[in-house]
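Have the sequence and the model up on your screens, and I'll walk through a few parts of it.

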Amino acid sequence: PYMQLRAAFDAADVDGDGRVDFAQFRDTVLAALPGGQRVASASGVFGMVDGDNDGQVDWVDVQMALGMDNPLARPLYLRASPTSDYGALASDLDDYERLVSRARAVVQHASERNVRLMIDAEHTYFQPMIDHVALVMQREFNARTGGTLVFNTYQMYRADALRRMNDDLKRSEREGWRFAAKLVRGAYMELERERAQRLGYASPIHATLEDTHAAYDEGVRQLIERIGSQAMPPCLFVATHNNRSIERAMRQMHDLAVDPASEAVMFGQLLGMQDATSYAVAKAGLPIYKYVPYGSLEEVMPYLIRRAQENSAVGAAIKKEAAAVMAEIRRRLAGAGRGGAVEVQSNST
């Protein structure tokens, strides 16, 4: 129950300093867990969370100590009674073990072949478990290799995206593994808003497109700033077709002297979308990747439809990009010398 636990922590943090004491933890945070009332010693649980024994804990402390990956914490997530529908069943814990085991096998396979693995993001109502498994894999493999084998994906159209990203970054610093993030804008806006309205909770999505743009650019800015100033910097994959966002990231990399060869910052677009932008990024000497979905038509079509919806504004740039491609073809046929940079126009994704 990530959402309930996070909401309980925020409610307990009455002074807004990001920390709660034992009484606040016991009465609000622990009480929000399905098995919180069955705890024999609330002080014992608090001691497990309060690693530095200063009498206060923050959200990252709670995540680190009370995650499903800690066998001692798992009883807290079990239902209080057979008739309750809040919390996990014992069989759910078995499913969790299988999920982590299968994820570990995939990441181990990638590790043996020195291939990066980016874990995609989905709907908000089951994203917390995806985030959790991604963090477990990052902690295990990004610490082991010292590199950036596993990336988690942050959908910056979510109102809580920046906070979640920074929480995970703090956790990586405390646990000693290298944080790696792919930043996207997001593809389920209409579905998320419709579900929130139907079930009567606040939409998890930013109210305006401008807010989403601002959150995306701020997330990129914060991570590049860390990359330019830390001994074990995070790694960022800028997954966007928005030229303004790309230009801002490139300028910041230049200003902070971020070495493109380090691949601490990478860029990516879908194959066939904004290819002129991709060529311009490559010409600037920056790492650029083209994302290629594959599979049967039945498997890939829903994905491609979502991408078309997410990138609807790209259509405004198609005519100009087509003209640039034709100009390049004519230049090559004419045997002209090296051309200049291809001009591309901005779009919203």
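So let me start with a question: in which sense do strand 3 and strand 4 pair, and over how many bridges? They pair in the parallel sense, over 3 bridges, with strand 4 being residues 150-155.

Quick housekeeping before I go on. This is a predicted model, so local features need pLDDT of at least 70 and side-chain atom pairs count only at pLDDT 80 or more, while totals for chains, interfaces and linings use all residues. Residues are numbered from 1 along each chain as its sequence is written, and side-chain values use heavy atoms, with hydrogens and water left out.

Also, when I say helix or strand, I mean DSSP runs numbered from the N terminus: H or I with at least four residues for helices, E with at least two for strands. And two strands pair if DSSP finds at least two bridges between them.

Strand 4 and strand 5 run parallel, joined by 4 bridges, and Gln155 stands opposite Val184 in strand 5. Strand 5, residues 180-184, then connects to strand 6 through 4 bridges, again parallel, with Lys182 opposite Phe237. Strand 6 and strand 7 (residues 265-270) are parallel too, over 4 bridges, and there Leu236 sits opposite Val265.

How many residues of strand 6 are buried? It's 5 of the 5, across residues 235-239, so the strand is largely enclosed by the rest of the structure. Buried, by the way, means under 20% relative accessible area, exposed is over 50%, and partly exposed is in between, with a 1.4 Å probe and protein chains only. In a regular strand, side chains alternate between the two faces of the sheet. Here Cys235, Phe237 and Ala239 point one way and Leu236 and Val238 the other, all of them buried. Strand 5 also has 5 of its 5 residues buried: Ala180, Lys182 and Val184 go one way, Ala181 and Leu183 the other.

Next, helix 11, residues 275-283. Contact here means heavy atoms within 4.5 Å. Its buried residues are Asp275, Ala276, Thr277, Ser278 and Val281. Just after helix 11, Gly285 takes a positive phi of about 85°.

Then comes Leu286, in the loop between helix 11 and strand 8. At 10% relative accessibility, Leu286 counts as buried. Leaving out residues up to four places away in sequence, Leu286 touches Met250, Met253, Pro260, Phe267 and Val281.

Two non-glycine residues with positive phi are worth a click. Asn114, at about 55°, is in the loop between helix 5 and strand 3, and at 73% relative accessibility it counts as exposed. Glu263 also has a phi of about 55°; it's in the loop between helix 10 (243-255) and strand 7, and at 21% it counts as partly exposed.

As for helix 5 itself, residues 90-112, its 23 residues reach 34 Å from first C-alpha to last, close to the 33 Å expected at 1.5 Å a residue. That expected span is 1.5 Å times one less than the number of residues. Leu93, Tyr96, Val100, Ala103, Val107 and Ala110 are buried in helix 5.

Last stop: the axes of helix 4 (residues 59-66) and helix 7 (residues 161-175) come within 10 Å and cross at roughly 65°. Residues meeting there include Trp59 and Met64 from helix 4, and Arg171 and Arg174 from helix 7. That's my tour, so over to you.

Methods. Axes are lines fitted to C-alpha atoms, for helices over the stretch in contact, and angles run from 0 to 180 degrees between N-to-C directions.
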